[in-house]
Amino acid sequence: MVYLALGTMIPEKLLDRLTEVGLVRVFFGIESITSDFQELNPKKISKKLGNDFISSLEKKGISYHIGFMLFYPTIEHKNIEVNIEYLWEINKLFRLGVIREKMRILPGSPNSSLLITNDESIDQAYNYHFSDLQTS
């Protein structure tokens, strides 16, 4: 198993070689496919990039597990449905953690200004409000 960042497409030759030596599963973060998330997060993982990589893995018979954040501080209520539809499309809606948990913000990270308090002595990672009141 490998953990990958999906900032760029992983070369096919590399996936082929990894498969030859026993790769059977990949974890990578799609995070969210909506524009409001892309403004918050520098990873810029598009739906197309995610789908292309998933297709490549499926052709090679490699299982995959994705990191996804349905809830984050700037989520617009209308985009919750967009993300849920995407998870349904790629057969990952069954994962309760994805549809239940909020994005974790670490104190000291670029998004830590969104935390209600930045007290690093206790876990503040989920201590924020949603920008869109409909999401709350």
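The dialogue below takes up the cores and then the backbone angles.

Author: This is a predicted model, in which local features need pLDDT of at least 70 and side-chain atom pairs count only at pLDDT 80 or more, while totals for chains, interfaces and linings use all residues. Residues are numbered from 1 along each chain as its sequence is written, and side-chain values use heavy atoms, with hydrogens and water left out.

Reader: Which residues have the most contacts inside the largest nonpolar core?

Author: In soluble globular proteins, nonpolar side chains tend to be buried together. A nonpolar core is a set of buried Ala, Val, Leu, Ile, Met, Phe, Trp, Tyr and Cys residues joined through side-chain atoms within 4.5 Å; buried means under 20% relative accessible area, exposed over 50%, partly exposed in between (1.4 Å probe, protein chains only). Here the largest core has 21 residues, and Phe-28, Ile-30, Phe-53, Leu-57 and Ile-66 have the most contacts inside it.

Reader: Which elements give two or more residues to this core?

Author: Helices (H or I, at least four residues) and strands (E, at least two) are DSSP runs, numbered from the N terminus. The contributors are strands S2 (25-31) and S3 (63-68), with helices H3 (47-59) and H4 (77-89). H3 supplies the largest share, 4 residues. A second, separate core of 12 residues includes Phe-37, Phe-71, Tyr-72 and Met-103.

Reader: Is Glu-31 buried or exposed?

Author: Glu-31 is buried, because its relative accessibility is 8%. Glu-31 is located in strand S2 and has a positive phi of about 75 degrees, although it is not a glycine.
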